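Morning, everyone. Please look at the screen, and I will walk you through a few spots.

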Amino acid sequence: MESVPEIRKKLREKLHDARNDQKWNILGKKRATLAEEEVQEEDISLTKLKEVCLHFKKSQSVTLIQQIKRTVVKGDDFIQVFLRVDGCLQILTKHLSGNDTQLQLETAGCVTNLVTGSHKSTFMVLKATAAYLITFLHGSNPLLQDQAAWALGNMAADCQQCRKYLKNQGLEAALVSLLTSTHTSVVESCIFALSSYTKWKDVSIRNLVDLDLVKLISDIITWPDIKPRILTDFSEIMLRLGSEEGPWELTSHWQLIGQTLAKRLNEVSDIDVTLAILRCLTNMVVGDVSDEAFYLPVHSCITKMLHSDVKLLRLECVRLLGNTVGSVLIFNSITKMMHSYFEIRMCATSWKHCCETKLPCIQISGTN
């Protein structure tokens, strides 16, 4: 029979493993795809990392920055070791404000990984580096713009305090202006950062609309080679736009986005991407949108998704149908394809609610 200390030790190990799994899940949701070099963790201990940091204070070489960048992705314990070595964060800040482009780029990559830990460590790094990263967005180097937007997206995903700080530093205007960049990677990172920033209710979408965000995104969504991952980030932004009351849902740009998203449902196979687009469309059809050109592709998509084996997709279609109050024909034709009595009742309830109360069945981001 195991002793109490042994049982406690095993429980602590399980808890540690569970926290690591949770950390990587959050990391995957907060960050865009990692570069191959960054995926390769440094297999060193906390003690060894401290030695590396102490050496970094003396040599400040690119190689050491790269080693630290690869090591801190292992968790907040490693990030804390770096931050507790007096002077290390200040050295990174010095490199960001310098004139060596290679050092700036590697440092921005290191910052990107440093802001994936706890709120305390993230906010500490943010206060020291955010102003320089936003300055890079206004620069002319696409590599620095790309990495800076990525790092700022990680910061924005942390908490309301971080987002408020970034807003006061001018993040919104900087990101929206970069959506006109001729470099695809820069635009993709900006969309990731905007998705991380706008998915929270403490952010006012109206400020971004005033900056012509809807028009710029309506141009991007028509790209023939847009990546599914970017489409997911894009759908999250549109979900917030559709959830807000305002006149922009009736504009020609909004119509174009809805039509294009609906058509894209026939092109993607990833369930997460499909679900994100459906949730986006669920909120986009709220209001007095009566353009037949908008409803036809939506009708086609719902018909296809209701044949899916994935229940989440079918239920999201029901929510979307609850908001398509502009066409009884669409409602009648689609309800014949429902897969279960429960879904028929849910659909009918949504329809009755919309017709009697004139209120939309808005899908809240992040709920099923």
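At what angle do helix α6 and helix α8 pack? First, some ground rules. This is a predicted model, where local features need pLDDT of at least 70, side-chain atom pairs count only at pLDDT 80 or more, and totals for chains, interfaces and linings use all residues. Residues are numbered from 1 along each chain as its sequence is written, and side-chain values use heavy atoms, leaving out hydrogens and water.

Now the angle. Helix α6, residues 88-96, and helix α8, residues 119-137, pack at about 5 degrees, with axes 10 Å apart. Axes are lines fitted to C-alpha atoms, for helices over the stretch in contact, and angles run from 0 to 180 degrees between N-to-C directions. Helices here are DSSP runs of H or I, at least four residues, numbered from the N terminus. So α6 is roughly parallel to α8; that label needs an angle under 35 degrees.

Who touches whom? From α6, it is L89, T93 and L96. From α8, it is M124, V125, A128, T129, Y132 and F136. Contact means heavy atoms within 4.5 Å. By class, 7 of these residues are nonpolar, 2 are polar and none is charged. Nonpolar covers Ala, Val, Leu, Ile, Met, Phe, Trp, Tyr, Cys and Pro; charged covers Asp, Glu, Lys and Arg; the others, Gly among them, are polar.

Stay with α6. Of its 9 residues, 7 are buried, so the helix is largely enclosed by the rest of the structure. Buried means under 20% relative accessible area, exposed means over 50%, and partly exposed is in between, with a 1.4 Å probe and protein chains only. The buried residues of α6 pack against α3, α4, α5, α7 and α8.

Next, the rings. How many aromatic pairs does a search of the whole structure find? It finds 1. F123 and Y165 sit edge-to-face, 5.9 Å centre to centre, with 85 degrees between the planes. Rings of Phe, Tyr and Trp (its six-membered ring) pair if their centres lie within 6.5 Å, and planes over 60 degrees apart count as edge-to-face. F123 lies in α8 and Y165 in α10, so the pair ties together parts 42 residues apart in sequence. F123 is buried, at 14%. Y165 is partly exposed, at 25%.

Last stop: D212. This residue is not a glycine, yet has a positive phi of about 70 degrees. D212 is in the loop between α13 and α14.

Note on methods: Helix = DSSP H or I, 4+ residues; strand = E, 2+ residues; numbered from the N terminus. Parallel < 35°, antiparallel > 145°, perpendicular 65-115°, else oblique. Phe/Tyr/Trp six-rings, centres within 6.5 Å; stacked < 30°, edge-to-face > 60°.
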